[in-house]
Amino acid sequence: MADAIKINGGCYCGDITITSEVSSDKIMACHCTDCQKFSGAPFRAVAVIAADDVKISGTVSEFLKIAKSGNERLQGFCGKCGSHLYATDPAKTLFMIRTGCLDQHHDLVPAKHIFGKSAVAWVGEIADSSWVAEGPASGAMTPFKKA
Ligand SMILES: [Zn+2]
Ligand SMILES: [Zn+2]
């Protein structure tokens, strides 16, 4: 049973804004090595949405990534602040919006994790690590507990 979730967001500097709606079963986390490399992060989470349902304002820079398989993907980002925004096919029919740039990202729970074969080994253990609320010297906390 999928819910439609209205989403909005954009890049860090605010030059680019995104509004759309995503079905809750169309949210994925990708643990492939390309996602790790592009993001500089352990994995990327995306909302998969047809191009007709996505409104993007502002000038997006794009990099054409060609995978080892020959698959071509446009990587959209802000040329000013560097925020990663989406990936899409060269014909721009289907967008994968990075959920980290969306205001609702806490609610955008991946329905599926893909490329698990390259997921970092520690990702399943982060809840058991040492956590503090803000900077390194701030107070200890237990993560993932709703207030
Ligand atoms: Zn920006
Ligand atoms: Zn990936």
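**Exercise 1. Work out whether the protein chain's radius of gyration agrees with that of a compact globule.**

Start with the rule: for 147 residues, a compact globule would have a radius of gyration near 15 Å (taken over C-alpha atoms, with the rule being 2.2 Å times the number of residues to the power 0.38). Next, look at the protein chain, which has 16 Å, so the two agree. Then picture the box that its C-alpha atoms fill, roughly 45 × 40 × 30 Å along the principal axes.

A quick note before going on: this is a predicted model, where local features need pLDDT of at least 70 and side-chain atom pairs count only at pLDDT 80 or more, while totals for chains, interfaces and linings use all residues. Residues are numbered from 1 along each chain as its sequence is written, and chains are lettered from A and ligands numbered from 1 in the order in which they are written.

**Exercise 2. Find the strand order of the open three-stranded sheet, and say why β1 and β5 are edge strands.**

The order is β1-β2-β5, with antiparallel pairing (strands pair if DSSP finds at least two bridges between them). β1 (4–10) and β5 (55–57) each have a single partner strand, so one side of each is left without a neighbour in the sheet. For a closer look, take β1 and β2: seven bridges join them, and one bridge pairs Asn8 with Thr19 in β2.

**Exercise 3. Decide whether Ser20 is buried, exposed or partly exposed, and list its contacts.**

Ser20 sits in strand β2. The cut-offs use C-beta atoms placed from the backbone: buried takes 20 or more others within 10 Å, exposed 12 or fewer, and partly exposed lies in between. Ser20 has 19 such neighbours, so it counts as partly exposed. Leaving out residues up to four places away in sequence, Ser20 touches Ile7, Ile49, Asp53, Val54, Lys55 and Ile97 (a contact means C-beta atoms, placed from the backbone, within 7 Å).

**Exercise 4. Name the residues with the most contacts inside the largest nonpolar core.**

This core has 27 residues, and the ones to name are Val46, Ala47, Leu85 and Ile97 (a nonpolar core is a set of buried Ala, Val, Leu, Ile, Met, Phe, Trp, Tyr and Cys residues joined through C-beta atoms within 7 Å). Strands supplying at least two core residues each include β4 (44–50) and β9 (94–98).

Methods
Helix = DSSP H or I, 4+ residues; strand = E, 2+ residues; numbered from the N terminus. Contact = placed C-beta atoms within 7 Å.
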